[in-house]
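Me: I have just opened this one and have not looked at it before. Could you walk me through it slowly?

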Amino acid sequence: MLDGVSGQYRIWLVINKFLNHSLIPFLGYFIIHIWVRHSKYDRLLAVLLPGNVLFQLASIATGWTFSIDQNNHYHQGRYYYVYFIICIIVMFAIVSAYHQFEQKTFSGDRLFMFYTFFVVFLGIVIQEVSGEALRTTLLTIAIGTCFLLNRFNNFTQKVST
């Protein structure tokens, strides 16, 4: 909504993009820790995620990942692919953590859960490949997160009874 609006909102657009590019991978990290306390990817993510925050902070001045032009329009930077790769790594860590968690679940749930991850992954790839002509990432992440939390709650209820 702030893209292209008068320059007085420029700082809010910069803050929005910084938080968006910094916090989305951390959200994946927190989802992992809902399922498993200690993931084999903890060390990798402990370096990668703070490194991404520093990279995004530097991007505000350098335009590496994103930039806001004089007309207050958002543009992806020449190193935007670094952010995309970080998100893919976090997604694979989520799938791995879920696989570790799903060893305790019933086999009927496994197919549904991997289908959910595929839908989210496909939504992100479609948006990135389309040059953001199709805004599908947030919708598929929201749908996938709802499915995951619902399945997690169902599983914990089955275990507790």
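Reply: Let us begin with a term: a residue is called buried under 20% relative accessible area, exposed over 50%, and partly exposed in between. Please also keep in mind that this is a predicted model.

Me: Let me zoom out. What secondary structure does the protein have?

Reply: There are five helices and two strands in the protein, and from the N terminus on the order of the elements is α-α-β-β-α-α-α.

Me: How much of the protein is buried, and what about its surface?

Reply: Of the 161 residues in the protein, 37% are buried. The accessible surface comes to about 9,700 Å², and carbon and sulfur atoms account for 68% of that surface.

Me: Now the inside. Which residues touch the most other members of the largest nonpolar core?

Reply: That core has 16 residues, and the ones touching the most other members are Ile32, Leu45, Val90, Ile94, Tyr98 and Phe117. Two or more residues of this core come from each of helix 1, helix 2, helix 3, helix 4 (107-129) and helix 5 (137-160), and the largest share, seven residues, is given by helix 3. Another core lies apart from this one, with nine residues that include Leu13, Tyr80, Tyr83 and Cys87. As general background, nonpolar side chains in soluble globular proteins tend to be buried together.

Me: How many aromatic pairs are there?

Reply: The structure holds three aromatic pairs. One of them is made by Phe55 and Trp64, whose ring centres are 5.5 Å apart and whose planes stand at 20 degrees, so this pair is stacked.

Me: Are Phe55 and Trp64 buried or partly exposed?

Reply: Phe55 counts as buried, with 17% relative accessibility, whereas Trp64 is partly exposed, with a relative accessible area of 28%. Tyr80 and Tyr83 also form an aromatic pair, and this one is tilted, with 5.6 Å from centre to centre and 55 degrees between the planes.

Me: What does Asn52 touch?

Reply: Asn52 sits in helix 2 (residues 42-62) and counts as buried, with 1% relative accessibility. Not counting residues up to four places away in sequence, Asn52 touches His21, Ser22, Pro25, Tyr83 and Ile86.

Me: And Ser59, what is that in contact with?

Reply: Ser59 also lies in helix 2, and at 0% relative accessibility Ser59 counts as buried. Leaving aside neighbours within four places in sequence, Ser59 is in contact with Trp64, Thr65 and Phe66.

Me: Switching to the loops, where is Gln70?

Reply: Gln70 is in the loop between strand 1 (66-68) and strand 2 (74-76), and with 72% relative accessibility Gln70 counts as exposed. Gln70 and Arg10 are 60 residues apart along the chain, while their C-alpha atoms are separated by 9.1 Å.

Me: Last one: which element holds Ile126, and what separates Ile126 from Thr136?

Reply: Ile126 is placed in helix 4, where it counts as partly exposed at 34% relative accessibility. Along the chain, Ile126 and Thr136 are ten residues apart, and the separation of their C-alpha atoms is 7.1 Å.

Conventions. Residues numbered from 1 in each chain as written. Predicted model: local features only at pLDDT ≥ 70, side-chain atom pairs only at ≥ 80, totals over all residues. Heavy atoms only, no water. Phe/Tyr/Trp six-rings, centres within 6.5 Å; stacked < 30°, edge-to-face > 60°. Buried < 20%, exposed > 50% of the residue type's maximum accessible area, 1.4 Å probe, protein only. Helix = DSSP H or I, 4+ residues; strand = E, 2+ residues; numbered from the N terminus. Contact = heavy atoms within 4.5 Å. Core = buried A, V, L, I, M, F, W, Y, C linked by side-chain atoms within 4.5 Å. Areas by Shrake-Rupley, 256 points an atom, 1.4 Å probe, with all protein chains shown as cover.
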